[in-house]
Amino acid sequence: RFAAHTSQTGAPSSIFSILSAAAEPNASRNSPYQVKLIQGTVALLPSSLSDVPGRIKSLLHSLLLMYDAKMGGMLLSLEEGAKLLPFDHNKRTRFRGGAVGGRVVDDLPYVHFSFQVRGLLFCPEVNMKLKGQVVECTPTYITLTSHNILSTKISQDNLNQMGFFYNDESLEWTRERSVTRPGQNEDESFLGPSTSIYLDDCVEFLVERVHECGGYVSLDGKSPDVSSV
């Protein structure tokens with residue numbers, strides 16, 4: 001993500017971009033919550049040089065609860081202050097063990113820095129199992145909120161595939177639960193008590209698609225289930 005913040009004179013007071021974000025080596029791939037090491041660059045005017053790490057952290061706060069493709073998720077929080085990375089002033093590339101500082105490019109009034117910071121991200125992926133609370137129940141779809149930050153829609157087709165059908169009287173999505181008695185095969189199972197989906201119910205689902213537009217994310221879900229919740 002590339003972003004610019006404008007000063008009172010009309011010129012950008014800062015320009016920053018995210019280059020990459022790497023998850024912890026022992027991070028669980030089953031959890032949507034990931035702690036990542038975020039790396040990026042920033043260009044600041046001399047007026048912002050008194051506290052470069054603080055200025056970087058302030059700029060990153062503008063990305064909170066926004067999806068960023070370079071980070072691979074939605075930034076929820078920053079765990080610590082930004083750490084400036086060293087530069088090779090001759091080759092204009094970052095290298096380990098060098099002096100930490102900024103560099104001026106051509107005759108532009110900006111000082112460029114490279115940084116890294118650790119942050120907590122919410123990273124939904126296709127086929128990841130999530131849970132959500134039903135906030136809308138219609139004859140053509142249901143809408144869930146997941147982790148209080150994401151909206152998920154499950155279509156009529158995906159509900160029907162799991163045996164759910166809309167009940168016009170109760171305004172619920174209802175399914176007869178298949179029950180297999182001990183010693184029976186699945187073909188000999190019978191219909192047990194029904195289960196339903198309605199407002200405020202908790203539903204488990206698989207992520208089918210991730211939609212992103214302007215930093216805002218929504219999901220399409222499939223394989224809804226309430227029996228295991």
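## Strands and how they pair

Helices (H or I, at least four residues) and strands (E, at least two) are DSSP runs, numbered from the N terminus. Two strands pair if DSSP finds at least two bridges between them. The model described here is predicted: local features need pLDDT of at least 70, side-chain atom pairs count only at pLDDT 80 or more, and totals for chains, interfaces and linings use all residues. Residues are numbered from 1 along each chain as its sequence is written, and side-chain values use heavy atoms, with hydrogens and water left out.

## Strand S18 and its partners

Strand S17 (residues 202-213) pairs with S18 in the antiparallel sense, over eight bridges. Val207 has Gly221 of S18 as its bridge partner. Two residues lie between S17 and S18 in the hairpin that they form, and Gly214 in the turn has a positive phi of about 60°.

S18 (residues 216-225) is also joined to strand S13 (residues 150-155) by four bridges, and these two run parallel. Asp220 in S18 stands opposite Lys153.

## Lys36

Lys36 belongs to strand S3 (residues 33-44). Lys36 is buried, meaning under 20% relative accessible area (1.4 Å probe, protein chains only). The Lys36 side chain does reach the backbone oxygen of Met71, at 2.8 Å.

## The whole chain

The protein chain has two helices and 18 strands. Of its 229 residues, 38% are buried.

Conventions. Buried means under 20% relative accessible area, exposed over 50%, partly exposed in between (1.4 Å probe, protein chains only). Lys and Arg count as positive and Asp and Glu as negative; His and the chain ends are not counted. A salt bridge is a side-chain nitrogen of Lys or Arg within 4 Å of a carboxyl oxygen of Asp or Glu. A polar contact is a pair of N or O atoms within 3.5 Å; within protein, one must be able to donate a hydrogen and the other to accept it, and residues adjacent in sequence count only if both atoms are side-chain atoms.
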